[in-house]
Amino acid sequence: MENRINKGSYSSMSNQIELNIDGQLIKAEPGTNILQAAIDAGMYIPYLCYYPGMKSFGACRMCVVEVEGGRGLPASCTTPVSDGMVVNTNTDTVKDLRKDVMDLLISEHPHGCLNCHRIDLCGPADTCLRHVSVNDRCVTCPKNERCELKDTVRYLEMDLDTNFKYNYRNLPLKVDEPFWDMDLNLCIVCARCVRVCDEVRGDNVLTLTDRAGKSLIGTSTGNSILESGCEFCGACIDVCPTGALVEKNHKWSKAATTTSTVCSYC
Ligand code: SF4
Ligand code: SF4
Ligand code: SF4
Ligand code: FES
């Protein structure tokens, strides 16, 4: 506890509390989680299952941090801020754990491109020097260059080799829906799509399913998304951090502009 900052030194008279993240003093509302407090302060902690505005899920463990005086490496998205808290987001221990988590995650996700040093140089028509199959390449994925998983791997500065054997799920691409294409080989089971449909849209079209003992995503009725009550709002596609869910008619389009909104009907 000796490194814990002195609360009395800079606690404000307002309801906001103050904490220290990576040496920077920031203010946050009580009840906010560390990750959201960092985001609000313009700081970056990698995350994959969290999505600002939705409840924390705490599944991916990408957002782990060190809290001085605390035990272990808590997920910052499920750990509330407290006054005088000291958080370190980039110690060697934290970085190593994030890489281990990512290693595990991409053991079931195509990653021939993800851990290749040429990732920023390759175009769709280039010859792959690592003999990665076409279906496994980022450059042939509709989410390429707007993929949160890829951005996170870049941020982590992953090594070229992972410790785990690549286990391709080999699931068929679902292209029979009128609205989206679903490639569960790219799904990282963050459940953002399930949660946004439930929490934000008030629909329960999607659910976590069990396939051969592994969690994946499906419709709550097991039928088409239309039969499951889908309103075709596209929220699930918007929050998907990978190319697992893409809008059928615009899957190769890049966003022209982006808008932040709290309206659940936008
Ligand atoms: S989802 Fe992202 S990481 Fe996966 S293949 Fe597509 S661009 Fe690459
Ligand atoms: S598009 Fe359909 S499944 Fe997706 S969030 Fe909207 S209602 Fe739910
Ligand atoms: S489909 Fe996308 S949003 Fe849904 S669980 Fe998979 S990766 Fe996450
Ligand atoms: S973002 Fe915190 S556990 Fe996934």
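**Exercise 1.** Sort the residues of the shell around ligand 1 into nonpolar, polar and charged.

*Solution.* The model is predicted. Start with the neighbours: ligand 1 is surrounded by His109, Leu114, Cys138, Cys141, Asn144, Cys147, Thr242 and Gly243. Cys and Leu count as nonpolar, and Gly is among the polar residues. The shell around ligand 1 then splits into four nonpolar and four polar residues, with no charged ones.

**Exercise 2.** Do the sorting for the shell around ligand 2, and state which cavity holds ligand 2.

*Solution.* List the shell. Around ligand 2 lie Phe179, Cys197, Asp203, Val205, Leu206, Cys230, Glu231, Phe232, Cys233, Gly234, Ala235 and Cys236. Asp and Glu count as charged. The tally is nine nonpolar, one polar and two charged residues. As for the place, ligand 2 sits in the second largest cavity.

**Exercise 3.** Classify the aromatic pair of Tyr44 and Tyr155, then say which parts of the chain the pair ties together.

*Solution.* The count of aromatic pairs comes to four. Next, locate both residues. Tyr44 lies in the loop between α2 (34–40) and β3 (66–67), while Tyr155 lies in helix α4 (residues 148–156), so the pair links parts 111 residues apart in sequence.

**Exercise 4.** Are Tyr44 and Tyr155 buried, partly exposed or exposed?

*Solution.* Buried means under 20% relative accessible area, and exposed means over 50%. Tyr44 has 40% relative accessibility, so Tyr44 is partly exposed. Tyr155 has 33%, so Tyr155 is partly exposed too.

Notes:
Residues numbered from 1 in each chain as written. Chains lettered and ligands numbered in written order. Predicted model: local features only at pLDDT ≥ 70, side-chain atom pairs only at ≥ 80, totals over all residues. Heavy atoms only, no water. Near = heavy atom within 4 Å. 1 Å grid on protein atoms, 1.4 Å probe; cavity = no way out; pocket = protein on both sides within 12 Å on 5 of 7 lines; lining within 4 Å. Sits in = over half its atoms within 2 Å of the grid points. Phe/Tyr/Trp six-rings, centres within 6.5 Å; stacked < 30°, edge-to-face > 60°. Helix = DSSP H or I, 4+ residues; strand = E, 2+ residues; numbered from the N terminus. Buried < 20%, exposed > 50% of the residue type's maximum accessible area, 1.4 Å probe, protein only.
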